[in-house]
Every structure is written in structure tokens, then in C-alpha cells.
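User: I'd like to go through this structure with you. Can we start with the pockets?
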Amino acid sequence: MPYWTPAAPHAVPWPQPWPQPWPPAPARPQRPGQVIAAAVLAFVQAAGVALATAYLQLLGAVFSMAAGEPGFPADGAALAAEAGVLSLVQLASVVLLLTAGVLGLASRRPVARWTLVAAFSLQLSLAAYWAARLLAVLDQGAGVLAALVLGFAAAPAVALGLAVGRPARAWFRSSPDEGTAPHR
């Protein structure tokens, strides 16, 4: 007399004629969606800032080449130096964003959360700097520049909110081995 009738080729026989010799492994805790979203936004922001940094570096090179030419503003050398410094700061922020994204997806240590918070805070600071700098220089087209700066500030603002939220705090505060089977 069979214990089961196969409904499909992949069906598991039930009831089994013998008990399972060990208890089932406990389910591993799942990474909250907020943490995953913050890490993905870090990668997206890093790509956008890397592109903007390349453009800024190109603009700085053009300014430095044209600094002594007639018809070019007298502060061309200062603009070239500012573009060089800003491109280095933005490049460092790209590295920080990539590091924060990787740590956010791979680690449960609190340093991963604080790296995410630091990277997004730096992005918001850079967006505020660019807003102040561009709006002071250009009178016309201020609406377009404000929209551009808001576009660059939107992802870090949302991601910062996700990284400091309750699910992220709970995830990074708990032990990495909590809820997992012991190693044998």
C-alpha cells in the first residue's frame, strides 16, 4: 500500500515512513528592502556623479587652456583651479558611494550604515554647494539649474532617509549570526 499518490514528478512523498533526523534549519533573516534600495541608489548616484565629474574635469581643462587668451574672463585660472579641486572631491565621493553600496549589500555591521549615511550626506552637501555656486554665477536659466541640482539631490535625500529609518537601524544593529543555524 503506497503512502502517497504522485500528483507531479516533483512531488514530495508525504507522509514519510520515517521521521527527519534533525530539525529544519531556521530561516535566515532577510535584508530589508530599505537597505537594498539605499545601496542601489548609492550605485546610481555614483554613476551620475562620475559622469558629472568627467564633464567637470573636461571643463576645467578647457578653462586652464583658455585662461590667458584674450576675451576669456580674468578669473579663468581660478575657475580652472576650482574645477580641479571639485573634480577631486567628487571623485572621492564616487569612491565613497561605491564603498557604501557594497558595504550596505554585503555587511550587517554598523559601519556599513554609517558609510551610507556619510556618502549621502556628502552628496547633499555637494548639491547645496553647486546650488549656491551656480545660482550666484548665472542669473538667467536659474530655474533649469535649480531643477538640475534638485535632480542630483533627490536620490541622496531619499537614500539618506532610507538609511536612517527604523528597518535599516534594526538590520545593522542586530547580530549577523542572529537567526542562523550554527556552523558545524
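Analyst: A pocket is an open set of points on a 1 Å grid over the protein atoms alone, where a 1.4 Å probe fits, with protein on both sides within 12 Å along at least five of seven lines. Lining residues have an atom within 4 Å of a point. Volume is the space filled by probe spheres set on the points, which are joined across faces, edges and corners. This is a predicted model: local features need pLDDT of at least 70, side-chain atom pairs 80 or more, and totals for chains, interfaces and linings use all residues. Numbering runs from 1 along each chain as its sequence is written, and side-chain values use heavy atoms, without hydrogens and water.

User: What volume does the largest pocket have?
Analyst: About 720 Å³. It has 24 lining residues; Tyr 55, Leu 56, Leu 59, Trp 130 and Leu 134 are the closest to its centre.

User: Which helices supply at least two residues each of that lining?
Analyst: H1 (33-66), H2, H3 (110-137) and H4 (142-164). Helices are DSSP runs (H or I, at least four residues), numbered from the N terminus.

User: Switching to Gln 90. Where is it?
Analyst: Gln 90 is in H2, residues 76-106.

User: Buried or exposed?
Analyst: Gln 90 is buried, because its relative accessible area is 6%; buried means under 20%, exposed over 50%, partly exposed in between (1.4 Å probe, protein chains only).

User: What does Gln 90 touch?
Analyst: Val 49, Ala 52, Thr 53, Leu 56, Leu 126 and Trp 130, leaving out residues up to four places away in sequence. Contact means heavy atoms within 4.5 Å. Leu 56 and Trp 130 are also among the residues closest to the pocket centre.
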